[in-house]
Amino acid sequence: AVAMDQALTAKILRIANSSVYNVGDPCASLEEAVLRVGFREIYRLTGFAATVQIVDHGLALYRINAAQFRENALLTALIMEELADHADLDRAAAYTVGLLRSIGKIALDRLAWAPGSERRYEPIADEPLAMWEISRVGMDNCEAAEIVMREWLFPVSTIEAIRQHYAPAESSRLSQLLNVAAGAAERCGHGWPGERCYWDESPERCAMAGLTPHQVEDAMHLAYESFGPVRVAVG
């Protein structure tokens, strides 16, 4: 499927030939690029590259620029990927959930924002983001994400993880993991305004997700090591 998409193939070749991955002669084919970068890294890079294409400008409703959105999405996804091993969950599925966590915010921004509007989120007011969204638009971003992702035919487990991650159900390991990962991204300095109140850093929350606090800290450090190279490669 990748080989049939010329734009995506060109992007992968550009990434494989970037200073992050190029250690010799330039790659001339998709096959060479995959061999150089690796399937797992291709999955990471193409997912993030797609996010970059979707978020080509800031979200005025939230006072967030495009770089802030992308960096939160990428770091959350990378932390999810590292945590998945400890929680016996699929790495690719976890990465995708982290990357798409805020897809509902894009929908609400496009639905509710109008030039000249006075009603934008005020981080200094410290109002929980979901409460503000409901009062402003009539739904929160997690509900909006569910609508969008059902339309796009995403797996139910992915949809439910994002739908529930502010207050994850005990039975949903993936939403528990996403709550932990989003909180970890916040602690790394790449959080969203108005969301801090949703992240539970307690050992109990970690245990519900099948994790220990030490594993979460390790995942944060490993994810941050990958964060810079992926961000630079996709550009």
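These legends go with several close-up views of one predicted model. Local features are described where pLDDT is at least 70 and side-chain atom pairs where it is 80 or more, whereas totals for chains, interfaces and linings use all residues. Residues are numbered from 1 along each chain as its sequence is written, and side-chain values use heavy atoms, with hydrogens and water left out.

View 1. A nonpolar core here is a set of buried Ala, Val, Leu, Ile, Met, Phe, Trp, Tyr and Cys residues joined through side-chain atoms within 4.5 Å; buried means under 20% relative accessible area, exposed over 50%, and partly exposed in between (1.4 Å probe, protein chains only). The largest one has 61 residues, and Tyr62, Ile79, Met80, Leu83, Leu211 and Val216 touch the most other members. Helix H4 (residues 66-86) supplies the largest share, eleven residues. In soluble globular proteins, nonpolar side chains tend to be buried together.

**View 2. Helix H4 from end to end.** Helices are DSSP runs (H or I, at least four residues), numbered from the N terminus. With 17 of its 21 residues buried, H4 is largely enclosed by the rest of the structure. Its end C-alpha atoms sit 31 Å apart, which agrees with the 30 Å they should span at 1.5 Å a residue; the expected span is 1.5 Å times one less than the number of residues. At the start of H4, a side-chain oxygen of Asn65 comes to within 3.1 Å of the backbone nitrogen of Ala67. Just past the other end, Asp88 has a positive phi of about 55 degrees.

View 3. Contact means heavy atoms within 4.5 Å, and residues up to four places away in sequence are not counted for Thr76 or Leu83. Thr76 belongs to H4 and is buried, at a relative accessible area of 0%. Its partners are Gly98, Arg101, Leu178, Ala181, Ala182 and Ala185. Leu83 touches Leu177, Val180, Ala181, Leu211, Gln215, Val216 and Ala219.

**View 4. Helix H10 and what comes after it.** Mostly covered, H10 has 13 of its 15 residues buried. Just after H10, Gly189 takes a positive phi of about 90 degrees.

**View 5. Two cysteines, Cys142 and Cys197.** Which of them is buried, and which is exposed? Cys142 counts as buried at 2% relative accessibility, while Cys197, at 51%, counts as exposed. Take a disulfide as a pair of cysteine sulfur atoms within 2.5 Å, and the count comes to zero.

Terms used. Helices (H or I, at least four residues) and strands (E, at least two) are DSSP runs, numbered from the N terminus. A polar contact is a pair of N or O atoms within 3.5 Å; within protein, one must be able to donate a hydrogen and the other to accept it, and residues adjacent in sequence count only if both atoms are side-chain atoms.
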